[in-house]
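Have the structure open while you read.

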Amino acid sequence: MIKSNRTHKMTIAKKVLDFWYLVDFLNQEAFPITSKENKKNINIEKNRLKEKRQVNKLTIFHDYPSNKKLSEIINEDNHTFNRYSYISNNLHLCIGKVSKEFLIQELYRMLNLEDDRPEQEKSKVCLFSLKLDEDGSYKENSLRISPLVWGIYQCNLTDGQFDSNLSNDRYMKDISFFEQSISNTEPLNSECIKTLYKQIVNTYIKNMGTKTFEYNVEGSFIYTRYKNEKVFEREDGLSPDYSELIKGFYTSDLKLVRNALDTTNLNPMFESIIDYVVSAYTNYNEKNQKNSSEDRINIRESKPDIEKWLHPDLSPDGKWPSKFSPALMQQIAINIGISKSEETRSIFSVNGPPGTGKTTLLKEIIVSNIVERAKILSTYETADDAFEVRYFQDGIESHNSYDKYVNKYFAFKNNDLTKYSILVASSNNAAVENITKDLPDMDGMLSSLSSSDNDNPNKKENLEKVRSLFDISTTENKEKYRKDKTQYIEKGDVYFSHLANNLFAERNQADDNFGEDKYWGIISAPMGKSNNISKYSFNVLSHLIQSFYVNNQMIKDRQKGFSKVKKEFDAQLKIVTNLKKNLKTISQLSDEHKKREEQLIYERKSIEIEINHYANKLRQLQVNLQSLKNKKDKNKEELLLVADNVKTLRVNLCEEDVKQQALNEKLELIRSSIIKFEDERKWYEVLFGRSINTERLKRIKETKEEKQRISFKKEGLQKLINTIKLQYSEAIAIQKELETQLINVEKSIIATHNDLDKCATSIKKKRIKITHLEMTIDANKIKLQEKLAYYRKDMTVIDKQFWNDFGSKDNETNTKVQTSNPWITEIYNREREILFYLALQVHKEFILSSKSCRDNFKNLQMLWKYKENYKGELCNYSKRDKEKSFAHLLNTLFLLTPVMSTTFASVGRFLGNIKEQGALGLLVVDEAGQASPHLALGALWRCQQAIIVGDPKQVEPVVTDDADAIKKAFSDKTLLPYMNKTVSVQEFADNINRFGSYIKDSMNTDAPPTWVGCPLIVHRRCINPMFDISNSLSYDQTMKIQTGKAKRKDEEKFALDHSAWFDISGKEVGQKNHFVPNQGKEALRIIIDSFNAYKGLPDLYVISPFTTVINGVKNLVEQSEELQSYKDDLNNWVDNYCGTVHKFQGKEAKEVIFILGCDKNAMGAVRWVKPNIINVAATRAKYRLYIIGEYNVWQQSAIFRVTKKIMDGAKVEN
């Protein structure tokens, strides 16, 4: 049965992965255009602005066709950009700008889909592309046709279905047909390109829809120029491939996982990945069958589970330095997230509504991993004892390596060390980079460790002790960093602090930064894209190697430091362990009391059962006694009757004896008379007695007859006498038996009386024992309360009062519980923070005393082509050597920088050389509700564990209209739950997480509640009305607010003294452009006031559900004369502070303008706006929210009626 279920899951998983692969394959980016930064750099170079810093490369965009040959264009560029003399190997031609809106409409027509999109798609896609060499000759196999156009064409061939005719092989076969027409033309000319263009248009586009497609060849010629040979060798292979239309950031990883499904070696993470993939199918079928997941635990409400997961022995040994502790649900999520219990799975999800402390959660997990890894590192005598040597196979240097002196790499002996690396990934680039920049922020950490006036002296002293450890300006730790070939500068160091400040400095390369220190340590780094890796390599690794790995003696000299810090770490670990044991003991007081009480109650119940038994026995004895008495009375009565009968029989017997005696006497007389009469006979009477009749003979005869009569009578009398004797004997026997019975009954009565006395005595004793037990129970309760009251001074304890407050309907009381962290004390927190600091020192000294680390860092730089080998050459590591070594090199790098971040789109490139499942440690997915499920698969595959953090009630995944339509062309019903554009990484992870909670849809009471992962519920970002809007629309009033008011100096700059709805009517532009100029003018007024109040860049976002509205606002702002004096700040503000809702998830501002747009003719767009959009827009605003929209239009939506009511209520309160 288990095997059958697993086989079924595998079948479903394969279908889903194939589906995701094809959708990603057909996904096409917009036609390539130059970035603002690149445009700016080109302008600088053209105008020879020498004071500007020279960048490494420029990407040149030329319109195509041109009246010049490609060779002429390049020659002119050689003169213009003569400082960039190295040209990319690939020159890209991107031809044909096809309206994406046209293609989407064709898809909708073909699939008979209703077009309910709120806005039109304005971008274009490339029809076909190819690569050229510097001479203009076509590069074989480089031709690409728009996969979107090709897919629509294939869909049209099969009446709107994709299932059977889509594959990469089929696509490449079609490409080869067109490639024949250009493969023999050298160099390619404009006529050849135009001919190819017409062929492709006639084949794929001409018959689409009703629009006439013009044969105007329009495109771009793109290539890259590098400032020197080293940059060219290093970066040319990493530059964007503009002519590769099948970008498919995820196709390779999808194929990797798909192929792995045939393996039988399934580890827990692999099993979880499969469950993750099939979870939508499983969940969908469970709903249809009205089944429920019985093993789900509502961790927000289940008291036993809450208490269980809050036990201090489950908390991390380390803590992120801060005077604040995680809140109740945060601590539960942390403890479950780091647990190794069999109850938990490899993928764990956390539901993090806005402002509920997702970063706090992540910080605690990071600390836990660092401390746990330090425990392993500290077991080694020397750092290099932790490694075993590995050799390359395809290099040309010694040991088949790529460098004479760095001719091998190293792997951990203990694979457990790989468990603790942390990869943070998201589809939101700003989110992951903000996290990696926030973690080492020194001001933020020191601020969180600052004491307040209300703190007692001990607390202030302990906070200052920890604060001094992480303050670079006061720390006693110093490190010498190399400034140039001969000079070293000594700086305060917490954890490679100088390297962190180098990394996050505003520069592209590693110029020594010995100025202001803003970052305390290199705990995290943004990676993923090549620019980030380049910056890390130069600003961190190069400086590390130059400062600490100059020679072997420097490494050897650090051994003492490693030995010293190990001892300090071990000593501090003992302190923390002992404190944890004490807290565990305290936390178990209630459990132990409960166990004792249960035992005493059990004893009491056992005694009560015994009493009941004795009582029953007593009642039975009383019944028996009465029965015996009754029997005795009856026996007496019977005995009397028998005695009377015996007496009567005795009298009768005597009487009959007298009668018998009389008869005997009479019979004797008769016998004598007969003898006498016979003696007196005469002889004749003797002889003839029978024939004669004499008087004497007559008398003899009569006498004999009389004798006979008396004899008969005597016999009868004898029989009577015999009968009476028999009856008498029997009566005597009965009498004796009754007398015996009576004696026995009397004995039984005496015995029963004795038993009754014993029972009564036993019952009395048992009742006394119960009284003593109840007194013991009461005394134990008092003792427990006294102990808890004593400990309550230093901690929150879980007791009856705690649970009363937990369930209280009073919001303030309930919130106080939710912000608490039971069983945790200030002292315990400070000691854990010190342990974290020492764990960092263990890592630092381990790294600096390790040749293995040094060699792995150098190999990694050479593999990335950011370091030359001993010959001064950049190395080309073979594919085989990359795949065998990269995971080990990267895991060593995680020792130096425990947290690295990447976007999902960069995972395939950043981690592409890692093919093995579970080669890395922990994956943390941030803003997981924004990412489609398949985006995370590559990152999940490479890690051993994952914590998914997000919120399905916020911004949904960005799924393009064409991709959404393409999904509908798959007919397999298995895929139905995967076609919804709202499905996300968060939803899939929540589906397989047994620890979570249900959130009701307050706007649709008929909808089933949503199961979400372990929920965070204490909100600390927004004040009202923003909090109430969010809590009412999205979270069914389950969040608790703990946001402080704005500072007076901030309030002075706000546009209004309260949040407000600006009810402004007007007509929108139309044609699905929802911008209402009147509303834009009101927004502009507030924007101008804000710039003036701030005297520059204001802390103000402008957000809208619609791109067209945002574009309208941007145009007004850019054209505003009143804002031109703030031009530098204005450009920054327009780019970064003004956008649709999707742009701002994970961000916050003091004020937000939420401009709605739309008029009465745009009701479809009004209905399109869901609660999640308002939720995100409202919760970006910390202190003020200004909604601009026509209420008569927007009140047609229930969610906006609720929003307006809350806004008006907040205005009244203010």
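## A buried glutamate and its partner

In this predicted model, Glu235 has a relative accessibility of 8%, so it counts as buried, the cut-off being under 20%. Its side chain pairs up with that of Lys57 in a salt bridge, at 3.6 Å from N to O.

## Asp517 and Lys491

Here's another salt bridge: Asp517 meets Lys491, and their closest N and O atoms sit 3.3 Å apart. Asp517 is in the loop between α17 (497-503) and β14 (524-526), while Lys491 is in strand β13 (residues 488-492), so the pair ties together parts that are 26 residues apart in sequence. Both Asp517 and Lys491 are buried.

How exposed is Lys968? Lys968 comes out as partly exposed because its relative accessibility is 35%, whereas Asp964, at 11% relative accessible area, is buried.

## The wider picture

How many salt bridges does the structure hold? The count is 64. Some charged residues join up in a network of salt bridges, namely Lys319, Asp455, Lys459, Glu826, Arg830 and Glu833.

## The annotated stretch

An unreviewed UniProt entry lists residues 604-638 as "coiled-coil region". In the model, residues 604-638 are 100% helix and 0% strand, and the end C-alpha atoms lie 50 Å apart.

Terms used. Residues are numbered from 1 along each chain as its sequence is written. This is a predicted model: local features need pLDDT of at least 70, side-chain atom pairs count only at pLDDT 80 or more; totals for chains, interfaces and linings use all residues. Side-chain values use heavy atoms; hydrogens and water are left out. UniProt positions are given in the numbering used here, feature names are shortened, and annotations may be inferred rather than shown by experiment. Helices (H or I, at least four residues) and strands (E, at least two) are DSSP runs, numbered from the N terminus. A salt bridge is a side-chain nitrogen of Lys or Arg within 4 Å of a carboxyl oxygen of Asp or Glu. Buried means under 20% relative accessible area, exposed over 50%, partly exposed in between (1.4 Å probe, protein chains only).
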